[in-house]
Amino acid sequence: MIKSKVLLCLSIFTLFLLSACSSTKSDFALTEDATETLNKSTNKKKKAEKKQFVLFKYGNIGDYISLDETSVFVPNAFGVLKQKKATVTIDPKLQEAGFGSPYLAAYYYLFWDAAARESLIKAIDDYYSDFENKRLKRDNGNSYKIYGKIPVRLRWGTLSNSTPNNGETEMNVGYKFKEKSPYFIITIYPTFNEHSNVTDAAEKESLMLTYYFTKAQLLDLKSMLDNEVISKTLIDFNSDDVVIETESDVYDEYEEAMVEDSADNQSEEVIEIAE
């Protein structure tokens, strides 16, 4: 009888120990799983916070309106011209338009206001006229700036959607021969980087920039930067904030000059427009 009771007690004690060990192991596993889950959640949170910080500091996604694409030639590190994609771009906040394109290891935007675009279009027309009338001279040392200087605003960085660097300057417009071909060129000397006032990590100035255009590329750029096209795009984007720019085209000015030869015709045209 006593022996039976002893065995019963030992059995109960053994079951108790096994149950305790199992519970401890289960609790440990649950604790380990919970710790791992917490670590993963913390890591994801850190990654999300880091990504958000980078986009907030450098990103310009949504700042610009991208329009059609054309192309432009830029020199590589050895001075050899390479064709690059150029995207016509609008800054709706400043109501400026221009294009963005890769340049060596960076990406540059060139922006012009309405008056600067008019000056650029006039320079393009002057180049066309000189080209067609054989007035482009290979030995002209000042040909790169023969059509004058035009204000330009630069934005640049490592990627098209990461361009924190910026500066304002003037660009020279003219032409330059490469082998047998005279290209229309835009030349921009190194420009002070306003972003370097914000952080010491930013470069102090832009690269020396030279853009080469053929006649066909110029025709594309001219049509895409037409003030009527830009104004319409801005109206569609946000009609409440846009100021409609008056159309001012070199071709229209030429037509008006012809009309001035006849005062009667000019009066009739004014009346016709008024009606």
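Reader: How many aromatic pairs does the count come to?

Author: First off, this is a predicted model, where local features need pLDDT of at least 70, side-chain atom pairs count only at pLDDT 80 or more, and totals for chains, interfaces and linings use all residues. Residues are numbered from 1 along each chain as its sequence is written, and side-chain values use heavy atoms, leaving out hydrogens and water. Rings of Phe, Tyr and Trp (its six-membered ring) pair if their centres lie within 6.5 Å. By that rule the count is 19 aromatic pairs.

Reader: Are the rings of Phe99 and Tyr211 stacked or edge-to-face?

Author: Planes under 30 degrees apart count as stacked, over 60 as edge-to-face and the rest as tilted. Phe99 is in strand β3 (residues 96-103) and Tyr211 in strand β8, so the pair ties together parts 112 residues apart in sequence; strands here are DSSP runs (E, at least two residues) and helices are too (H or I, at least four), numbered from the N terminus. The ring centres of Phe99 and Tyr211 are 5.4 Å apart and the planes sit at 90°, so the pair is edge-to-face.

Reader: Which element has the lowest mean pLDDT?

Author: pLDDT is the predictor's confidence in each residue, from 0 to 100. The protein's mean is 76, with 64% of its residues at 70 or more. Strand β8 (residues 209-213) has the highest mean among the elements, 98. Over residues 241-275, pLDDT stays under 50. The lowest mean, 35, belongs to helix α5 (residues 250-259).

Terms used. Contact means heavy atoms within 4.5 Å.
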